[in-house]
Structures are given as structure tokens and as C-alpha cells.
Amino acid sequence: MGLKGFILRKVVAACLTIVAIVCVNFVIFRMAPGDPVRMMFRDPRVSAENLQEMRQTFGLDKPLSGQFVAYVKGLAHGNLGLSFSHRRPVLEVIAQKIPATLILVVTALMIAIFLGVALGALSGWKSGTKLDTFVLTASLTMYSIPTFALGIILLLVFAYHIAIFPLGGMATPASLLEGPELIWDVLWHMFLPALSIVIWYVGEYVLLTRSSMIDVMGQEYITTAYSKGLKKFRILKNHALRNALLPVVTITGVNLGFAVAGVIEAETVFSWPGVGRLVYDAVSHRDYPLLQGVFLLFAFSVVLANLVIDLIYGYIDPRIKVST
Amino acid sequence: MNRLSNKIEKLSVFLRLLFSHRMGLAGFSVISLFVLMAIFSSFLGTVDPARTGAVENILKSPSSGFWFGTDDLARDIWSQTIFGSRISLTVGFVAALITVISGTLVGLVAGFYGKFVEEVLMRIVDFFMMLPELPLMIVLAAVLGPSMWNIILVVSLVSWPTTARVVRSQVLSLKERPFVEASRCIGAGSLRLMFGEILPNVIPLMFAQAVIMITEAIYAEAVLSFLGLGDPTSISWGMMLHFAFESGVIARAMWWVVPPIVSIVALIVSFSLLGTAISDVLEPGYKEKKGF
């Protein structure tokens, strides 16, 4: 088998998952109550002939099998249908919102992973001490608070009552800022939404790194390193943490699915103009095509991110190269 | 008779361990308060939580007439908070029950039969676990329409795979144990082996899973309602926050936001504490460490 077989298997699995997602997406969409054309043109003055014409345009008069073929063909060409509420192609609406979400997610995740791994390693290293108990309890609590509830608290406290942060959005409207000032403005707007994602995530990473660290610390090579007379910090950095990080890498892929949830909640509370906020708007307008498009985007990104992480894992864990 | 008393003894040891665990006791106490609140809602709530009031009572701050104040339709926040516990706990318990039973069945069958059956079932489980949970729940809830039972259905549909996976790996190790082998030798059939021999040994695990699932279901209900996918006629805590958020006056009406947030966080944190305590107590060797 070796590394090549490992990569091939992961790529095939990811492709099959994507095919399955496409099918599930089609089925859910057909479950939607009511006539999609009627949903799009709610005006009762639209005549029956016109509706029939629209049905033909969208291919809704064909049998289900024909509709499925048309849907897959459209998807292959990047056609996700028309958004009911924006009256524009779904892909166009979503593509416009992706940069804002990426900026928020990448920043929040990087901070959370760094803080979480550092605190978790420390906590696992000093396990059983007061510091450990404190970090553990704090992480469990932070991990249990829903992101949207935390977001509302942060919004009320730091944007309304002590008004040091903006109420929402991504930049001060009509401010015509440029260069470093614009970056500063965006960072200022991003602080609270990013914080509400970070707090949840830090808890998760602390718990993970801590338990993985405790596992590693019981291994014999750590005892060997001690008996060689190495400095404590050096053992922590070069021997323990390096191996303790392996499970943390795998779980980052699994976690992306949850990160999506945090993004939807934080973006909704802070009106961040990204894909997550789009979900909220699509729900309130019952804009099914848009909702389906966003779902596909999230599902695809999670599958792809997992594939990338699996491949990285195959690369950094030498055991995969020798065994299956 | 001997078997029964043995079971009761085991249960009492488990409960004593759980209540001597600080997190377990704290979690259990707070949850009990909420359960009492849900049972006696009709006595504790002063008025019908969904009844809109007179215009002059709109957005009143807390007073002797309205203990927690009123919302933008002059509905009583105290009663909404009290009755909200019913929705959260119902969704939590029912969804967890469905999830754990269906997940256990799938895990049991997959682990016991192995081979082709296991391969197919576990591929389905892997597929579901790969999908981002919240977006899937949102799409399903939006398509099915707003109601508490739909939320329960959606949460169960999305969360059974975790249990299936955990139960399967337990079953894999259980079916190799001598007592299963012995039972097979005296001619027990597959059903008898699965439900009579293996299942009783999975029950502690199911219990631990149930607590985790309750926590997740309560969380999911709160988020879905907050996003506007809940039933607008039965007001849950998430729904209260949705209304407050949509009204645009949350900054001026702290009394409207604080009770649902405190309730949601308190209930979820308590269930996670209880869950942590249960998995500690079920850990092999814990009993001996505590001197039982």
C-alpha cells in the first residue's frame, strides 16, 4: 500500500462523498413544500400560462429523472439556479460573500488553534495542578456556551453599553478609508465576531491538546529523554508536543464542520457580510435555491479541507508510509 | 431475584459515585431545577406566554406586575422563560431518545454481523459525519417547516451516526468475550446474542451518549429557533432571542435578553458537567480509586 495507496484511497473517498452530497442535495430540494415557481413569483396576478412558461424554462415540467440530469449538468457548469430573494444567479450571490467569510474564519481559527494548543499543552504538562484544573474548567464552560448567545452578550456589553466596538458590518459605511486605515477599520469590526468564534474554539483545542499531551507524557521515550538529562522545556517542545499534535491535526478537519456553525452564528449576530449571514437571510426569505447553494458550498469545503488535512497527515506521520 | 438485586446494587454504587463527583452533583442539581420548572410551568408562569398585552404594557421593564418585564408585543417575559424550559427539555430528551436508540441499533447490527453489512452501514455513518451539521439541520428544518416536532426529527436525523460509531466499536470488542462465546455454544441465535448478551453491556455507554445528545439537541434547538426556524406560536428561549434580535431594541431591553441567555447557558453547561462526570465515573478503575 504505502503512501500512494493511502492518497488514492482518500481521493476516491472524497469524490464519492461529493457525489453523495450532490444526490442528497437534490432529494432535499424536491422535499420542499409548495411549487418553486409559485414561491418565486408570489404575486397572485401572475397568470397560469406565465407560470407554466416559467416551469418550462426551469425544466420543472420534466420527470424527476430528467430534472436530475439537468441539475447535475447545471452544477457541472456552475449553475446553482436563481436566488428567489436576490433575483440573481445563486453562484454570483455566494461568490461575492466568500472573501468576508474567509477573512473572519482564517483569522479566528489561527488565533484559536495557537492559543488552544499552547494552553492545552501547558495544562497537560502540569496535569493535576491548580493551573490545570482552572484551565480545564474554563475550557469546558467556554465550550458549552452557544456562539450566538456569547455573541449577543459581547454585542450588548462592548458595542452598546461600553461602546468601544462597532455594532456590526465589516467596515464603517461610506468612510472612503484606504490602505492601512481601511485594514485597521476592518480589524476593529472583526474583533467581536472573531472573539466569539475564538472563545468556543479555544476550549475545544485546549481539551484535545491536553488529553493528547497526557497520553504522550506517559510514553517511554519521554522517560528516556528525562534520563538523558535534557532540559524540561526542550522535552516539552521537541519530544512531547510534536507527537501530541498529531491527533490535533486530524481533528482540525472534523472540526471544520463545527466551525461552519460558529461562523453562521457569529456572522448573524454581528451582521458580518459573509456566507454565514447569507444563511440567515435565506432562511428569513425562505430562499431555498440560495440555501441549497450555501449548503453545497459548506459541504464541499468541509470535504476538500478534510482531504487536504488527511494528505498532510499522511505526510507528517511516518507510520502511514510503512503500513497501510 | 438475585440478578435484579445485583443490578440495583450496581445502580446505587453508580449514583453514589456520580453524586460524590463535584461536577456531577452541580450539573444534576441545576438540571433538576429546570425539570421542576418545566413540570410546574402552569403554576409558576403568571399568564399565557404567547398572549399579547395592552399597548401601554409594551416593553415594560421588570416590575411587580411583570417580574421580568414585557417584550415588544407586551407578552410576559417571566412566563416565556418558565414555559421555555418545557420546549428545551422536551426537544433534548425526545431527540436524545430517538438518536441513542437508532444509533445503538445501527452500531449493534454493524458490529455484530461485520463484513458486508458493517461496511455498508459504516460508509453511511461516515458520510453523515462528514456533512456540516448545522447547515444540514438548517436546510432540513427550512424545507420541513417550523414546528417543534420537525426540529426533533431534524436533530435526530443528523446526530445518530456518532452513537452508531461509539456503540459499534464497543460491540466489536464485546462479541469476542468468553460469555458471548459460551452463549453461542449452548445454541443462542443472533437476536438472543445481540439483545440478550451484548446489549446489556452497552447500556452504560448508551447512558453516557444520551447525556451528550441531550446537550447537543438543546443547543441545536436554541440555534435553529434563534435563526428563525422555530415554531413562532410556542416560544422557546432561542425564539425569544430571535424576537428580541429582530425587534431592533435589544440594547434598551436587557431584561428581554438576559433570562433566555442565562437559561440556555445554565442548562447546557449543567448537561456538559453531568456528561463529564458520567464519563469519569464509567472510566475503568474509577470505582476502585474512590474505594468502592
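This tour moves through the model one selection at a time, from whole chains to single residues.

**Before starting**

The structure is a predicted model, in which local features require a pLDDT of at least 70 and side-chain atom pairs count only at pLDDT 80 or more, while totals for chains, interfaces and linings use all residues. Residues are numbered from 1 along each chain as its sequence is written, and chains are lettered from A and ligands numbered from 1 in the order in which they are written. For the complex, the predictor reports an ipTM of 0.83 and a pTM of 0.86.

**Stop 1: chain A**

Select chain A. Its secondary structure consists of 13 helices and 0 strands; here helices (H or I, at least four residues) and strands (E, at least two) are DSSP runs, numbered from the N terminus. The C-alpha atoms occupy a box of roughly 85 × 60 × 35 Å along the principal axes. Chain A has 324 residues, of which 34% count as buried. A residue is buried if 20 or more other C-beta atoms lie within 10 Å of its own, exposed if 12 or fewer, and partly exposed in between, with C-beta atoms placed from the backbone.

Contacts are the next feature to examine; two residues are in contact if their C-beta atoms, placed from the backbone, lie within 7 Å. Among contacts in chain A between residues at least 6 apart in sequence, 74% join residues at least 24 apart.

**Stop 2: the two domains of chain A**

Colour residues 1–85 + 285–314 of chain A as domain 1 and residues 96–277 as domain 2. These bounds come from an automatic or database domain assignment. The centres of domain 1 and domain 2 of chain A, taken over C-alpha atoms, are separated by 32 Å. Where the two domains touch, domain 1 of chain A contributes 10 residues and domain 2 of chain A contributes 8 residues. On the domain 1 side there are 8 nonpolar, 1 polar and 1 charged residues. In this classification Ala, Val, Leu, Ile, Met, Phe, Trp, Tyr, Cys and Pro count as nonpolar, Asp, Glu, Lys and Arg as charged, and the others, Gly among them, as polar.

**Stop 3**

Select residues 220–227 of chain A, which form helix 9. Is this helix buried or in the open? Of its 8 residues the number buried is 0, so helix 9 of chain A lies largely in the open. After helix 9 of chain A comes Gly229(A), with a positive phi near 85°.

Move to Arg87(A), in the loop between helix 4 (64–76) and helix 5 (90–125) of chain A. Most residues other than glycine have a negative phi. Arg87(A), a residue other than glycine, has a positive phi near 55°. Arg87(A) counts as exposed because it has 9 C-beta neighbours inside 10 Å.

**Stop 4: chain B**

Select chain B, which contains 12 helices and 0 strands. Its C-alpha atoms fill a box of roughly 80 × 45 × 30 Å, taken along the principal axes. Of the 292 residues in chain B, 44% are buried.

Within chain B, pick Lys115(B), in helix 5 (residues 115–130). Lys115(B) is not a glycine, yet its phi is positive, about 50°. Lys115(B) is classed as exposed because it has 8 C-beta neighbours inside 10 Å.

**Stop 5: where the chains meet**

Display both chains. The contact takes 37 residues from chain A and 33 residues from chain B. Which helix of chain A supplies the largest share of its side? Helix 12 of chain A does, with 9 residues. By class, the chain A side holds 27 nonpolar, 8 polar and 2 charged residues.

**Stop 6: the largest nonpolar core**

A nonpolar core is a set of buried Ala, Val, Leu, Ile, Met, Phe, Trp, Tyr and Cys residues joined through C-beta atoms within 7 Å. The largest has 150 residues, and those with the most contacts inside it are Leu291(A), Val294(A), Met137(B) and Ile138(B). Helix 9 (residues 190–226) of chain B gives the most to this core, 17 residues. Domain 1 and domain 2 of chain A each provide at least three residues to this core.

End at Met137(B). Not counting residues up to four places away in sequence, Met137(B) touches Val154(B), Val155(B), Val158(B), Ala220(B) and Leu224(B).
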